[in-house]
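Here are my notes for you, as numbered points. Have a look at the model first, then read along.

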Amino acid sequence: MKITIHRGINQIGGCITEIESSNGTKILIDLGHNLPEGDQPSKDQLDTPSHLNEIIQGVSHIFYSHYHNDHIGFEAKVGDKVTQHIGALSLQMINNLREHMLYADSLHEDAEASLIALNKFQVYTSNRREQYNDIYITPLPISHSAIDAHMFLIECDGKVVLHTGDFRDHGYHGEELLQQVGQSLKQPIDVLITEGTMLQRDDNRVMKESELQDEAVELLKTSKYVFVLCSSMDADRLTSFILAAQRQNKNRRIVADSYQTKQVITIKNSALAPYNDIFVYNFRYNTESEIDRMKRHGFLMFVRHSDTFQKNIARVLSETGINPQQVLFIYSQFKGYIIEEHKAYKSQLHDFVYKYEWQVEYLHTSGHASKEALKTLCEFANPTTAIIPIHKEKVGTLQSLNLHVNCPIVESTTTTNDIEIIIK
Ligand SMILES: [Zn+2]
Ligand SMILES: [Zn+2]
């Protein structure tokens with residue numbers, strides 16, 4: 001068996017792992033686009049067809065661990081010779097996103113091509129072992145800031161690989177799902193390929209999503225009028241704010257635009273929903289009665305960074321006559337995006353957040369495995385041949401975890417125990 005880490009050993013995102021059997025069956029786990037840096041659109045050499053073709057040459061199947069942009073993005077460009085696989089709810093969520101992108105002139109063409117490709121996707125079933133030529137794959141459900149995320153157990157040439165994708169144990173059902181992964185590992189693992197996003201971050205305890213919900217309740221008590229900026233693809237986070245608003249004051253209007261409402265309904269109707277007693281009002285800012293209700297009962301309105309939302313916010317403020325100083329703006333994403341010194345700093349996003357003299361509060365917790373969760377995973381997987389950390393900064397190191405496993409951490413090309421590992 002040959003394992004090729006095309007990207008990920010020293011970068012977060014743009015993940016691509018290739019597994020090739022001795023008979024020449026080649027599959028990919030994720031084919032992710034590089035993440036953008038700052039205000040610039042994301043750059044990726046795989047946007048050049050010849051580079052992409054080098055990677056997908058001979059590949060018969062691609063398995064996506066989840067729908068985040070750094071794990072998928074070339075689905076329209078890989079061609080019909082490759083079968084692409086993702087979870088059923090993930091497919092619905094990404095379809096909703098692409099349909100929404102059709103409305104933006106600059107994204108319309110790509111969204112259209114993606115929708116055609118997504119229509120041909122195969123859906124895999126959690127915990128069901130399937131054979132693809134001489135490789136067996138079992139998708140194992142796990143918690144992440146993308147709902148319906150999966151790890152993969154890969155059996156090839158008598159060896160077993162566990163690929164974690166992105167995961168965490170502090171989301172809703174996080175601990176339970178991580179334990180279930182532990183229980184489903186019946187045979188010894190030869191190679192563990194694990195995400196290491198948080199490896200270089202400090203040691204502070206990571207806040208659980210349920211604790212974030214409690215903090216949101218407290219924050220909501222401080223203002224009747226609240227805007228929330230969070231990911232429309234993060235089921236846990238949308239759920240946290242909706243439940244917090246319901247708990248704090250059941251009359252508070254929970255407002256979202258038609259796209260976010262669609263995502264919430266998709267989540268709510270799924271068997272994977274963290275809770276299904278959530279409700280949300282479709283945002284109709286031009287309805288006089290809704291504006292009136294928002295002013296009377298207070299509101300929690302989900303917003304996104306866009307010109308449209310800039311106008312929506314201005315309109316809500318002017319039509320309700322609410323003074324921005326009475327308003328709370330909750331920023332619920334990675335803090336680095338709005339800190340000038342950070343390399344991920346997005347100046348336009350910063351200006352959007354600080355546009356008015358409202359109170360800005362930061363309330364967020366990572367979508368990724370804490371060091372503790374990584375240690376738990378590594379120790380119960382207890383691989384015999386190699387641990388390969390990916391989806392991490394160059395400086396992040398698994399050594400810092402003091403793992404109780406008797407297995408080398410591999411970050412450069414080697415052959416061990418009949419497994420060829422190539423780190424690009
Ligand atoms: Zn990722
Ligand atoms: Zn992710």
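1. Start with R315, which is partly exposed at a relative accessible area of 36%; the label covers values between the buried limit, under 20%, and the exposed limit, over 50%, using a 1.4 Å probe and protein chains only. Its partner is E319, and their side chains meet in a salt bridge of 3.0 Å, N to O. By salt bridge I mean a side-chain nitrogen of Lys or Arg within 4 Å of a carboxyl oxygen of Asp or Glu. E319 is partly exposed too, with 40%. Both residues lie in helix α9 (residues 307-320), 4 residues apart, about one turn of the helix. Helices (H or I, at least four residues) and strands (E, at least two) are DSSP runs numbered from the N terminus.

2. A word on ground rules: this is a predicted model, where local features need pLDDT of at least 70, side-chain atom pairs count only at pLDDT 80 or more, and totals for chains, interfaces and linings use all residues. Residues are numbered from 1 along each chain as its sequence is written, chains are lettered from A and ligands numbered from 1 in the order written, and side-chain values use heavy atoms, with hydrogens and water left out.

3. How many salt bridges are there by this rule? The count comes to 20. Side chains of opposite charge can pair when their charged atoms come close. Take E175 and K208, whose closest N and O atoms are 3.0 Å apart. E175 sits in helix α4 (residues 174-184) and K208 in the loop between β11 (191-195) and α5 (209-220), so this pair ties together parts 33 residues apart in sequence. E175 is partly exposed at 43%, and K208 is partly exposed at 29%. There is also a network of salt bridges linking R168, E209, D236 and R237.

4. Now find the zinc ion (ligand 1). Its protein donors are D70 (OD), H71 (NE2), D166 (OD) and H391 (NE2), at 2.1 to 2.2 Å. Donors are N, O and S atoms within 2.8 Å of the metal (3.2 Å for Na, K and Ca); water is not among the atoms, so sites may look incomplete. With angles of 84 to 169° among its 4 donor atoms, the site is irregular.

5. Which residue bridges the two zinc ions? D166 does, and the ions lie 3.3 Å apart. The zinc ion (ligand 2) has H66 (NE2), H68 (ND1), H144 (NE2) and D166 (OD) as protein donors, 2.1 to 2.4 Å away. Both H66 and H68 are buried.

6. Finally, look at the largest nonpolar core, with 54 residues, where L31, F241 and F302 touch the most other members. Domain 1 (2-201 + 367-423) and domain 2 (209-362) both give residues to this core, so it lies between them; the bounds come from an automatic or database domain assignment. A nonpolar core is a set of buried Ala, Val, Leu, Ile, Met, Phe, Trp, Tyr and Cys residues joined through side-chain atoms within 4.5 Å.

Definitions and conventions: Tetrahedral: all angles 85-135°; square planar, octahedral: opposite > 155°, others 65-115°.
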